[in-house]
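Biologist: Before we start, could you take me through how to read the overall form of a model, and then a single position in it?

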Amino acid sequence: MRRRSKTRSLELVDETEYLRAKDGDTKRLVDSVVSKAQAGYQKTGIVKYNAFKGMGGNLSFVIAMLDDNNTGFVLNSVHSREGCYLYLKDVVEARPRCF
């Protein structure tokens, strides 16, 4: 009977060591996923507006896409009778980047 309980105890110790190793692997994987998610665009917004009176609706728009550090871009599309014009502005840490 004692031999059986020693064997079972060793099995439990081995299983505990295995689970601790797996726990460490899982924590590293979660950290990797979190860091990759923070690098992607998390904050997005779009606003449609009428750039010029008499154009017949909200044909112009602006899109903002920022990551967790408020870094990304703002894309502005202005629709006029002559055409559609796109403007892109970089944003670094919530401040527009000037060239």
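**Reading the fold**

Modeller: This is a predicted model, and in it buried residues make up 11% of the 99 residues in the protein.

Biologist: Which elements does the protein contain, and in what order do they run from the N terminus on?

Modeller: One helix and five strands are present, and from the N terminus on they run α-β-β-β-β-β. The radius of gyration is 28 Å, well over the 13 Å that the globule rule gives for 99 residues, so the protein is more spread out than a compact globule. Along the principal axes, the C-alpha atoms fill a box of roughly 95 × 30 × 15 Å.

Biologist: What share of the contacts between residues at least 6 apart in sequence joins residues at least 24 apart?

Modeller: Among those contacts, 30% join residues at least 24 apart.

Biologist: How should I read the surface and the charges?

Modeller: The protein exposes about 8300 Å², of which carbon and sulfur atoms supply 57%. As for charge, the mean positions of the 17 positive and 12 negative charges are 3 Å apart.

Biologist: What separation do the C-alpha atoms of S35 and T7 show?

Modeller: S35 and T7 are 28 residues apart along the chain, and their C-alpha atoms are separated by 42 Å.

Conventions:
Residues are numbered from 1 along each chain as its sequence is written. This is a predicted model: local features need pLDDT of at least 70, side-chain atom pairs count only at pLDDT 80 or more; totals for chains, interfaces and linings use all residues. Side-chain values use heavy atoms; hydrogens and water are left out. Helices (H or I, at least four residues) and strands (E, at least two) are DSSP runs, numbered from the N terminus. The radius of gyration is taken over C-alpha atoms; the globule rule is 2.2 Å times the number of residues to the power 0.38. Buried means under 20% relative accessible area, exposed over 50%, partly exposed in between (1.4 Å probe, protein chains only). Contact means heavy atoms within 4.5 Å. Accessible areas come from the Shrake-Rupley method with a 1.4 Å probe; for residues, only the protein chains shown count as cover. Lys and Arg count as positive and Asp and Glu as negative; His and the chain ends are not counted. The place of a charge is taken as NZ of Lys, CZ of Arg, CG of Asp or CD of Glu.
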